[in-house]
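Have the sequence and the model open side by side as you read.

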Amino acid sequence: MKTLLKVGAVVGVLGAGSAMAQERLESSADMRGLTFLVGGGVEGYTSALGSDINPGLGYGVTVAIKPTKVLGIELGYSGALNEFDQRVVTGARSGPDLVRNGAHVVATLGLGAAPVQPYVLGGVGISRYNVRAPTVAFADDTAGNIPLGGGLRVHMGNFTADARLQYSFLLDQQFAANAPPGDVTIGDRNFSSGGSYAGTVNIGATW
């Protein structure tokens, strides 16, 4: 009986200590205000575009305003460097085949107000595609997109870390107008179908 009482007392102390640590973490975490993040990861394409464009390096910078612990509005820059599949290239090349530079406005909604916070996101963006490889399949173009996704954000004091997965629906694929046909037909032209995906890890601070 005494042993059980001792075990119960230890469990109680540990539980109280854990609760106090969680309260200190929540009170010290700066989850509202202005957030600045930089990061990188991988960016690729799906469907027919995924057959023509290999996954590559993605990177970006984000500035977010969080008026509450769960709601945020982001303004961001993102870029990517990708290589084409060999079958759509007509000659020798060096450096990245496709360079994308873009901007987006995204709203994030936290699924709770804890310092370790899963969230969902949605917004609108625009990207400029520059083709650097010898190919007749792709051409320079500007296209809009609708990003949707989710992630996990961690706040520790002013420090903020963020990991997210995102899929972008392309509003047109005219940069791939001469690529091997997919299943998107506009007028009398057949475009390669697909969207883009990105997985990134970002670090920064919130004030």
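**Notes on the model**

1. Let's start with a cluster of charges: salt bridges link Glu74, Arg153, Asp162 and Arg164 into a network. A salt bridge here is a side-chain nitrogen of Lys or Arg within 4 Å of a carboxyl oxygen of Asp or Glu. The structure has eight salt bridges.

2. A word on what you're looking at. This is a predicted model, where local features need pLDDT of at least 70 and side-chain atom pairs count only at pLDDT 80 or more, while totals for chains, interfaces and linings use all residues. Numbering runs from 1 along each chain as its sequence is written, and side-chain values use heavy atoms, with hydrogens and water left out.

3. Now the overall layout. You'll find two helices and 10 strands in the protein chain, in the order α-β-α-β-β-β-β-β-β-β-β-β along the sequence. Both are DSSP runs numbered from the N terminus: helices are H or I with at least four residues, strands are E with at least two. The chain has 207 residues, and 39% of them count as buried. Buried means under 20% relative accessible area, exposed over 50%, and partly exposed in between (1.4 Å probe, protein chains only).

4. Contact means heavy atoms within 4.5 Å.

5. Next, follow β4 (residues 98-110) and its partners. Strand β3 (residues 71-82) pairs with β4 in the antiparallel sense over 12 bridges, and Leu71 has Leu109 as its bridge partner in β4. To count as paired, two strands need at least two bridges found by DSSP. β4 also runs antiparallel to β5 (residues 116-131), with 13 bridges joining them; here Val106 is partnered by Gly123 in β5. Five residues separate β4 and β5 in their hairpin, and Gly112 in the turn has a positive phi of about 130 degrees.

6. Where's the greasy part? The largest nonpolar core has 17 residues, and Leu49, Ile53, Phe84, Leu98, Phe138 and Phe175 have the most contacts inside it. Such a core is a set of buried Ala, Val, Leu, Ile, Met, Phe, Trp, Tyr and Cys residues joined through side-chain atoms within 4.5 Å. Leaving out residues up to four places away in sequence, Phe175 touches several others, including Tyr45, Tyr129, Asp141 and Leu170.

7. Back to charges, and to Arg87 in particular. Arg87 forms a salt bridge with Asp52, with the closest N and O atoms 2.6 Å apart. Arg87 sits in the loop between β3 and β4 and Asp52 in helix α2, so the pair ties together parts that are 35 residues apart in sequence. Asp52 counts as buried, at 1% relative accessibility. Arg87 also forms a salt bridge with Asp85, at 3.5 Å between the closest N and O atoms, and Asp85 is partly exposed at 23%.

8. One more pair: Asp97 and Arg93 form a salt bridge with their closest N and O atoms 3.0 Å apart. Asp97 is buried, with a relative accessible area of 0%, whereas Arg93 is partly exposed at 30%.

9. Ser47 is partly exposed, with a relative accessible area of 46%. Beyond its neighbours within four places in sequence, Ser47 is in contact with Ser193 and Gly194. Ser196 is 149 residues from Ser47 in sequence, yet their C-alpha atoms are 9.4 Å apart.
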